[in-house]
Protein chains: 2
Amino acid sequence: MSTISKRTFIASGLAAAAAAGPLDALARQTDRKLGYAILGLGYYATRIIMPRFAECEHSKLVALVSGTPEKLKTFGEQYGIPESHRYSYETFDKIVDNPDVDIVYVVTPNSLHRTFTERAAKAGKHVMCEKPMATSSADCEAMIAACKKAGRKLMIGYRSRFQAHNIEAIKLIRDGAIGPVRHISTDHGFTIGDPTQWRLKKALSGGGSLMDIGIYSLNAARYLTGEEPVAVNAIESTDRSNPRFKEVEDIINFQLLFPSGATAQCGSAYTANFNRYRVSGPKGFIELDPATSYQGQAMRTALGGPPAPREPAPQPKNQFSAQLDHLSECILTNREPIVGGEEGLKDVRVIEAIYRAAREGRTVRL
Amino acid sequence: MSTISKRTFIASGLAAAAAAGPLDALARQTDRKLGYAILGLGYYATRIIMPRFAECEHSKLVALVSGTPEKLKTFGEQYGIPESHRYSYETFDKIVDNPDVDIVYVVTPNSLHRTFTERAAKAGKHVMCEKPMATSSADCEAMIAACKKAGRKLMIGYRSRFQAHNIEAIKLIRDGAIGPVRHISTDHGFTIGDPTQWRLKKALSGGGSLMDIGIYSLNAARYLTGEEPVAVNAIESTDRSNPRFKEVEDIINFQLLFPSGATAQCGSAYTANFNRYRVSGPKGFIELDPATSYQGQAMRTALGGPPAPREPAPQPKNQFSAQLDHLSECILTNREPIVGGEEGLKDVRVIEAIYRAAREGRTVRL
C-alpha cells in the first residue's frame, strides 16, 4: 500500500467519527507520523522549527532541501536524514518518487514561496508555507489553485494560532470578556542589522518590515476580531539614505476599520523593538507583551477590575510542534487547516492595500 | 501700591537675576501668592484643582465664578471665599475691580473657553484655560490676541508637563536614551456614561473623545518628540444609533508623521478604557501606563536591557499645584509659560486636521 493509499484509508476510516471530537483526538487513533521535507535551511528552519519535531505526535522530519550542499550534509547528519532524502533545488522535483515525504514545508525567502509550493504540489506533496504566503495576491491565488488541482492541502505558518496565550486571548474575546472589541493597539518590529541580508532585497522579500514582522500586527488584528478589515490607512517612514533601506520600507504604520466598528492601530518597524498587542472593549482589555515571539509570552488582563497578570490555560504542545501536527492531523482526518491558503491570501490582500494607502495618501476601502 | 504695580515691581526687581536659575527659584525670592479665580465649578475644578492650592507656593484661591448660586455658596463656604469674591457669569466682568484676583482659571465646557478668556483679559486678568483651548483654531487665535492686547499671560492646562513620570520620559528621550524616536503608540479613552452630559453635546464640547481625552494622545506625541506633525491620517468609528453618540464621535484613531521621521499611532475612545504611551527607538523604549492620569503613573523602560520598572526623579510638587504655580511664577518673573496659548492652538490645528482626514479619507498635510 502506498503512502497516499494508506493515508486515504486512515482518513476514510476516521471520517465517521469526525464529528465526535477535535482533530488531534481523531488523529491520535493512529500512531502514524507524516513525513516532512524542510525546504530552505536558514535560521528559522534549522534553529526554530527542526528541533520541534521531537515533540510532535504525527509529524517527523524525513527530508531536507537546500541550495547549499554543506547545509544538507551538516543538518542531514545531525537529524539522521540519509543522502537519498537530501535534495538540491535542482533535484527537488524528484521528491515525487519519495513515498516517505508527505509534506513540504517551504521556508525560503518570500518571493520563492510560489514556485516551490507549485513544484511541491505537482510532486503530489501537501504544503506548509511560511508567511507572508507570497509577495503578491496573484501569487497566493496561483498557489491555492496549484494545491487544489493536485488535491493537496496547503497551510500557512501562522504559529501564533497554536500558542497558549493567543488561544486564551481569542477565547476571552469570543466569550465576551471585554464586550465588543473596540480598539486594538499592536506593534511588531525589531532593529534590523546586516544590510546584505535577503530581507532587505526587494526581489526576495517583496517588501520591508510589513512583509516580515508587521504582518504579525495585521494577522493578530484579524484573528482577535475574527473579522476582515473594510478600510485601511497607512503612513510610511523610511530613511532611504540608510544602506539598509535602499530597497524596502522601515516603518509602515497602518490603521484598520472592521465591519463591527472595531478598530486597530498597527505598527511595523525595522528600527524599533516591540512585539505586543492590547485589545480593548467597554468591559476591559487583554494585553500580550510579548505577544507573538518564539517564547516568553506574557498576558495581562483588566476584566472589571485592575490590570493583573493572567496565566492562560495550558496547551498540550508548544506552538511550533502544534503547528506541524495540525497539518498532519488535517491530512489524516481530511479536514482543512484553520490557517489555509485563503488565510494567507487575505493577509497579502490587506498588505497590498496598506502599501497602496501609504503611497496614495488615502483611505483604501476593501 | 496696587496689586499690578506690586507685581511689576517684583518682576522688574527679579529681571536681572532671570538667567541665573529656574523660574521657581526666582519666584521663591518672594513669598507673594497670586490670587486665582476659578471659573466653572464642575467636577474637575472642585474635586481635582481646588484642593491642590494647599500645596502651592505662589498661588492661592481667592474667588469663584459659577452659574449655579448653590455651588458658589457651598464651595465659597468650604474654601472661605467671601461673598464679595463670588461671581455669577452675569456679574463676572466686575472682577476688574477686584485687586485680589490676578488669574482667572477657565474650567467651563470647551465652547465657552473663548468668551471667558476674552472677558477675563478685558478685566485685566491673566488666564489659565483648560484644554482643549477652544473648539476651533480661529477661537484660539482670538484668545491669544485678546490676552496680548490686554498685556496679560495665557496658559493652557497641560498638567502632564508638570508630572514627574512625564518629565522623566521627556528628559530620557532628549538625552538620547532610546536613540531617535521612531514610533509612539499612545491611547487615551474611557467608557463614557450619562448621555445627557455636556461632553456629548457638540455645541458645548466641539467634538467627542478627541476633544476630551484623545487630545492627551496628541499632546503626548508632540511633547515626546518635541516636533510638530507634518501629516495626519484618521479613522473614525462611531455607532450613531447609540444615544451617547448622536452628536459627537466615539472612536477616532489617528496617525502622525513628524519631520524627523518619528511616527505616532494615537487612539481616542469613549468606549474603551486606556491611558498609556510607549515611545520606541532603535536603542529601547519608555512606557507610561497610566501615563496622564490624575495619579498613579507607572513607568517601565527597556534601555539596552530587558524591560524593567523605573522610578522617575521626584518633583517638588504634584502636577496640579506645579501647574498652578507655573503661571504665577511666569507672571512674577515676566516669563512665558511653557504651555502658552500657542501650544493650545497647535493642538487644535492638528485636531482640525484629524477630523478632516477622517471625513475626507485622505492624508492631510500640515
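Residues are numbered from 1 along each chain as its sequence is written, and chains are lettered from A in the order in which they are written. Local features need pLDDT of at least 70, side-chain atom pairs count only at pLDDT 80 or more, and totals for chains, interfaces and linings use all residues, while side-chain values use heavy atoms, with hydrogens and water left out.

Over residues 1–21 of chain A, pLDDT stays under 50. Where pLDDT is low, the predicted coordinates should not be read in detail.

In chain B, helix 5 spans residues 113–122; helices (H or I, at least four residues) and strands (E, at least two) are DSSP runs, numbered from the N terminus. Its buried residues (under 20% relative accessible area, 1.4 Å probe, protein chains only) are B:His113, B:Phe116, B:Thr117, B:Ala120 and B:Ala121. They lie on the same side of helix 5 of chain B because they cover an arc, taken from the directions from the helix axis to the C-beta atoms, of only 135 degrees. Just after this helix, B:Gly124 has a positive phi of about 80 degrees.

Chain B also contains an open sheet of nine strands with mixed pairing, in the order 14-13-12-11-7-10-9-8-15. Strand 14 (308–309) and strand 15 (364–365) of chain B are the edge strands, and each pairs on one side only. Two strands pair if DSSP finds at least two bridges between them. Strand 12 (residues 284–288) and strand 13 (residues 299–303) of chain B are antiparallel and share five bridges. In this pair, B:Gly284 is opposite B:Leu303 of strand 13.

Definitions and conventions:
pLDDT = per-residue confidence, 0-100. Contact = heavy atoms within 4.5 Å. Buried < 20%, exposed > 50% of the residue type's maximum accessible area, 1.4 Å probe, protein only.
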